[in-house]
Amino acid sequence: MKVIAATGNMGKLREFARIFAPLGIEPAAQSEVCPGLSVEETGTTFAENAFLKADAVHERTGLAAVADDSGLCVDALDGAPGVYSARYAGEETPYPEKISRLLGELEGVPEERRTARFVAHICYIGADGARIDAEGTCEGKIGWEPRGDGGFGYDPIFYVGDRSFAELSAEEKDAVSHRGKALRELARKLNEHQNG
């Protein structure tokens, strides 16, 4: 089964492909199917933004589409950057600068108050218009410095146990990550939907 992944983020696309592969679902990049499509994320929740992206691709193509909206929620920053994670410090700002700013805002915050979570909301809209939503979270903490060269985005400063997401192998990350959990939940719901 082929679905259009409503994202321009190649890191997310690779995760979609890895987690969907055993389920026989093959995600195609949005850029291949509707190049130039840009969706403004005007929602105030991850769920609203995921729907906006999936719906735009489905409306444009009539094909099944899947979109994710995800972000990092830091308790000491009252849940920021949250839905604005990708636009934090400016949409075009490189992630090392976003990370530097976030670490600066947490300067002096002790270990026990550096709790955070990644949240991912996935919205699937089938060719038949059926909508399925799934959400996953991963609890962790913000480290004192970036570590590791894997992953993408805020992965180098998000620690689960004593390692950052950027220090985990793809398989290790998929097993515990917010997106891994959300995609597996989506796959379960999709299977139920298809099998009545």
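How many nonpolar, polar and charged residues does the lining of the largest pocket have? The answer comes below, after the overall build of the protein. The model is a predicted one.

The protein has six helices and seven strands. Read from the N terminus, these elements follow the order β-α-β-α-α-β-α-β-β-β-β-α-α. The radius of gyration is 17 Å, close to the 16 Å given by the globule rule for 196 residues, so the protein is as compact as a globular protein of that length. Along the principal axes, the C-alpha atoms fill a box of roughly 50 × 30 × 25 Å. Of the 196 residues, 47% count as buried.

The largest pocket can now be described. Rolling a probe the size of a water molecule over the atoms shows where empty space is left. The volume of the largest pocket is about 880 Å³. It is lined by 40 residues, and those closest to its centre are Thr-7, Asn-9, Lys-12, Glu-41 and Ala-86. By class, the lining has 13 nonpolar, 14 polar and 13 charged residues, which answers the opening question. Several elements contribute: α2 (30-33), β3 (65-74), α4 (95-105) and α6 (178-194) each supply at least two lining residues. Strand β3 gives the most, with five residues.

Next come the aromatic rings. A pair of aromatic rings is described by the distance of the centres and the angle of the planes. A search of the whole structure finds five aromatic pairs. One of them is formed by Phe-118 and Phe-165, which are stacked, with 5.6 Å from centre to centre and 15° between the planes. This pair links distant parts of the chain: Phe-118 belongs to strand β4 (residues 115-125), while Phe-165 is in the loop between β7 (163-164) and α5 (170-176), and the two are 47 residues apart. Phe-118 and Phe-165 are both buried. The rings of Phe-158 and Phe-165 have centres 5.0 Å apart and planes at 70°, so this pair is edge-to-face. Phe-158 and Phe-165 are both buried as well. Through these ring pairs, Phe-118, Phe-158 and Phe-165 are linked into a cluster.

The loop between β7 and α5 also holds Leu-168. Is Leu-168 buried or exposed? The relative accessible area of Leu-168 is 15%, so this residue is buried, as the cut-off for buried is under 20%. In sequence, Leu-168 and Gly-151 are 17 residues apart, and their C-alpha atoms are 8.1 Å apart in space.

Rings also meet charged side chains. Arg-114 lies over the face of Trp-144, at 3.8 Å from the ring centre. In another place, the charged end of Lys-98 sits over the ring of Tyr-95, 5.0 Å from the centre of that ring. Leu-106 and Trp-144 are 38 residues apart in sequence, with 8.9 Å between their C-alpha atoms in space. Leu-106 has a relative accessibility of 0%, so it counts as buried.

The last stop is the backbone. Most residues other than glycine have a negative phi, and most peptide bonds are trans. Although Asp-78 is not a glycine, it has a positive phi of about 55°. With a relative accessible area of 75%, Asp-78 is exposed. Ala-89 is likewise placed in the loop between β3 and α4. Phi of Ala-89 is near 65°, again a positive value in a residue other than glycine. Ala-89 has a relative accessible area of 31%, so it is partly exposed.

Key. Residues are numbered from 1 along each chain as its sequence is written. This is a predicted model: local features need pLDDT of at least 70, side-chain atom pairs count only at pLDDT 80 or more; totals for chains, interfaces and linings use all residues. Side-chain values use heavy atoms; hydrogens and water are left out. Rings of Phe, Tyr and Trp (its six-membered ring) pair if their centres lie within 6.5 Å; planes under 30 degrees apart count as stacked, over 60 as edge-to-face and the rest as tilted. Helices (H or I, at least four residues) and strands (E, at least two) are DSSP runs, numbered from the N terminus. Buried means under 20% relative accessible area, exposed over 50%, partly exposed in between (1.4 Å probe, protein chains only). A charge sits over a ring if NZ of Lys or CZ of Arg is within 6 Å of the ring centre and within 35 degrees of the ring normal. On a 1 Å grid over the protein atoms alone, a cavity is a set of points where a 1.4 Å probe fits but cannot get out, and a pocket is an open set with protein on both sides within 12 Å along at least five of seven lines; lining residues have an atom within 4 Å of a point. Grid points are joined across faces, edges and corners, and a volume is the space filled by probe spheres set on the points. Ala, Val, Leu, Ile, Met, Phe, Trp, Tyr, Cys and Pro count as nonpolar, Asp, Glu, Lys and Arg as charged, and the others, Gly among them, as polar. The radius of gyration is taken over C-alpha atoms; the globule rule is 2.2 Å times the number of residues to the power 0.38.
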